[in-house]
Amino acid sequence: MNPKYEFAEIEAKWQKAWAAQKADKAVHDPARPKFYLLEMFPYPSGRIHMGHVRNYTIGDLMSRFYRMNGFNVLHPMGWDAFGLPAENAAIDRKSHPHKWTIENINTMRGQIKALGVSYDWEREIATCHPGYYKWTQWLFIQFFKKGLAYRKKTFVNWCEKCHTVLANEQVHDGQCWRCDTLVAQKELFGWFLRITDYAEELLADLEKLAGHWPERVITMQRNWIGKSIGARVKFRVDGTDGEIEVFTTRPDTLYGATFLCLAPEHELTKKLGAGTQQEKEVEAFLQSVSRQDTLARTADDAEKLGVFTGRYAVNPVNGEKLPVWTANFILAEYGTGAIMSVPAHDTRDFDFAKKYDLPIRRVIVPEGESADAPVDAAYPGDGAMHASGPYTGRNNREAIPEINEMLKEKGVGEGSITYRLRDWGISRQRYWGAPIPIINCPKCGFVPVPEEQLPVILPTDADLLEGGRSPLGTLPSFMDVQCPQCGADAKRETDTMDTFICSSWYYHRYTSPRCDTAPALKEEIDYWMPVDKYIGGIEHAILHLLYARFFNKFCRDIGILKADEPFANLLTQGMVIKDGAKMSKSKGNIVDPDDILKKYGADTARVFMLFAAPPERDLEWDDSGIEGSYRFVSRVYRLYAKWIPELKDIPATTEGAPDVELRRWRHVTIKRFTTDIRDREHFNTAISAGMELLNFLAEYAPTSSADKQELRGTLVDFLKLLHPFMPHVTQELYGAFGYGDYLTASAWPAWNESYTVAQTLTIVVQVRGKVRARLEVPADIAEEELKKLALAEAKVAQAIGGDSVKKIIVIPGRLVNIVH
């Protein structure tokens, strides 16, 4: 074999061989346990970066490991090709989104293949392909038929730079998730999916994921869904027949309400101000708030602003007239978009009341305090009810069911549950997305495109308008159609779907990606689903992962599959950072994967990515670290170049026993690799175990034929352990040993627990805390015998001198400390 490690030649050789033999092809095989492994698929908006390399390397390690452990592994790859990331990148480069996307897919595919990742490329998908978005559109129509897709006019998050609507989940700190532009409120018609119909199940089923998903992700989803238990209460608008319905989690404080607050976007806000002396002030306030992001204005540290609408509402429990205000911290999408304000028992209401000199009335008194004490701060806790009509003196929590029943009897409210989660706005006023398959007929209204006419093709020869605006509304060939119900002239919907629609079900499509009769074949999807291990960034905790769970449950309900949850286990890997910041072109700290592969090879890049940090932590890029990984891979190669010629063809022998220390190293290392990968998912410590074994083997010299046989077995097992980390060089060395099969198809080594126990131990001997000797002793030595050996050591006796020994402390397996 070549004594020199020629990584470029080795990696090209085996990538070609694996592709030719379709070594990574997945097949339906009920006789074997399945393992569906998936990394979140990428946006093809440029070239891959080191974050991609880390993600795919982690996934490939697990894919190879589980295959070698007897699992039938599905490990596919595809492209999240529609949406703003690809479209904006194309616009920046003055290219067409379709052309730019396809070119990037071809480039990124080549880069990923150069890493040696074991994907089943026959299952490759791209969400911009008509064969894929046909079924995206079909799923939308099923939502529509079930009453779960609807169109309405509402205030939406608007990004002026991207010329499109953003879902609440796509607004980060008041800015667009893609371009960081400040988001404003704009009133538009748009399509929505009723994710709120699944709110309770989405919340409850988080319990099924406990212990399998990171607790941080579960908490983030639980908080986003935001279940609140309370009551809906109707306040009549004084002097009118109108009502304001509020949701409150504290019906026990109804008697302490001193004003109402409406969201600026509430349908009554502008109407209430009309014709009053406050009309102009209300309109000016609404204009001001429309330029604020909803999340930013409701932050705890944001200034609480509001104006009086000029109207009053009547408290249904005591007949008191309460001024109706509008305030920037109230959201139309939470509850009813209106609240009753009880400043004595809510901190936000207290601050607002103090700012605008509104009344504050105590109605809950904590134990040991006087009801007449001044209210210096809001008290949100429990206690005795005060100034609360027939409930005065009652424990507030005990009275809540009775208050809810009273509201119901009077016809002014009832107990209720609400959620922070709002319906998902999926309309995007952009070109590069799946067309919404709806026809607007002047006679029939909104009519779904007949399923046999799907897909509604996105015209790829259309040029974008100025500023990236969609051309679909200007194309008669796209817009003008006949109504499928009555035949009248009609218009197509020109909005396209949010890109998160495409990624909410792609994991289903991988199970049968060429199926042309359904989103997936029932037999295939029920065999492979759920995904056994899903790998991706923590930044997708709310957007993608919540939407995917929603889609999976809907698909279950319409009979596409059986699984309740899409992802049985979730691994969220950290970012790759350099110079203390996430790699980005703007910061000038990008490391190009192509440069690393050219200089060091794919195996070295993989080892560094897996060794530098545990997967859930951020990885700090270090040039010396990549150099160290290259030295490790090169040392492995040189070790085998030394021993393969001598050990390749040695005959099996039963004469004599092998070196027990060599055998112990072999079995201890197998155990450490297995538990670190399977149980702990700490791949860096597995590599550390490999480095320790390499150091031992570099100094090892066999003294018998049995030793050589054991050494050969150790070296073969070591290749198998290292294969998921550095597949090319291990496959090359495995072949040099004379094996003709692929390592991924070989069996993972097993350890014998009895062989992992050391036969001898090194015991440190201290005299008054100072090391005086080291003893090599049998592992099963008795404590009294160990004490005798320690005292017999010359340096120990010299340190003690003529003094008497007061105490001998033995720490089993490690230490003897003598006190004199």
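1. After α3 comes K94, which has a positive phi near 55°. Helices (H or I, at least four residues) and strands (E, at least two) are DSSP runs, numbered from the N terminus.

2. A word on the ground rules. This is a predicted model, in which local features need pLDDT of at least 70 and side-chain atom pairs count only at pLDDT 80 or more, while totals for chains, interfaces and linings use all residues. Residues are numbered from 1 along each chain as its sequence is written, and side-chain values use heavy atoms, with hydrogens and water left out.

3. Now the chain as a whole. It holds 27 helices and 34 strands, and its C-alpha trace spans about 105 × 80 × 50 Å along the principal axes. Of its 820 residues, 56% count as buried. Among contacts (heavy atoms within 4.5 Å) with a separation of 6 or more, 73% are between residues 24 or more positions apart. The chain exposes about 35300 Å², and carbon and sulfur atoms supply 49% of that area; accessible areas come from the Shrake-Rupley method with a 1.4 Å probe, and for residues only the protein chains shown count as cover.

4. Strand β1 (residues 34-39) deserves a look, since six of its six residues are buried. In a regular strand the side chains alternate between the two faces of the sheet. Here K34, Y36 and L38 are buried on one side, and F35, L37 and E39 are buried on the other. Three bridges join β1 to strand β2 (residues 72-74), and the two run parallel; two strands pair if DSSP finds at least two bridges between them. F35 stands opposite V73 in β2.

5. Which strands form the open sheet with mixed pairing? There are three, in the order β29-β28-β30. The edges are β29 (581-582) and β30 (619-620), each pairing on one side only. Strand β28 (residues 576-578) runs parallel to β30, with two bridges between them, and I577 has E620 in β30 as its bridge partner.

6. Leaving aside residues up to four places away in sequence, S341 touches G256, A257, T258, F259, C261 and D349.

7. How many aromatic pairs does a search of the whole structure find? The count is 50, where rings of Phe, Tyr and Trp (its six-membered ring) pair if their centres lie within 6.5 Å, and planes under 30 degrees apart count as stacked, over 60 as edge-to-face and the rest as tilted. The pair F143 and F554 is stacked because its ring centres are 3.8 Å apart and its planes at 15°. F143 lies in helix α5 (residues 130-145) and F554 in helix α18 (residues 543-557), so the pair ties together parts 411 residues apart in sequence. F143 is buried at 1% relative accessibility, and F554 is buried at 1% too. Ring pairs also link both into a cluster with Y198, W424, F500, Y547, F550 and F551.

8. Two charges over rings may interest you; the test is NZ of Lys or CZ of Arg within 6 Å of the ring centre and within 35 degrees of the ring normal. R194 lies over the face of Y150, 4.0 Å from the ring centre. The charged end of R492 sits over the ring of F478, at 5.8 Å from its centre.

9. Finally, the nonpolar cores, which are sets of buried Ala, Val, Leu, Ile, Met, Phe, Trp, Tyr and Cys residues joined through side-chain atoms within 4.5 Å. The largest has 126 residues, and L193, W424, Y506, Y507 and F551 have the most contacts inside it. Helix α18 gives the largest share of this core, nine residues. Another core lies apart from it, with 57 residues, among them F65, Y66, I644 and M726. Not counting residues up to four places away in sequence, F551 touches L139, F143, L193, W424, I501, S504, W505 and Y507.

Definitions and conventions. Buried < 20%, exposed > 50% of the residue type's maximum accessible area, 1.4 Å probe, protein only.
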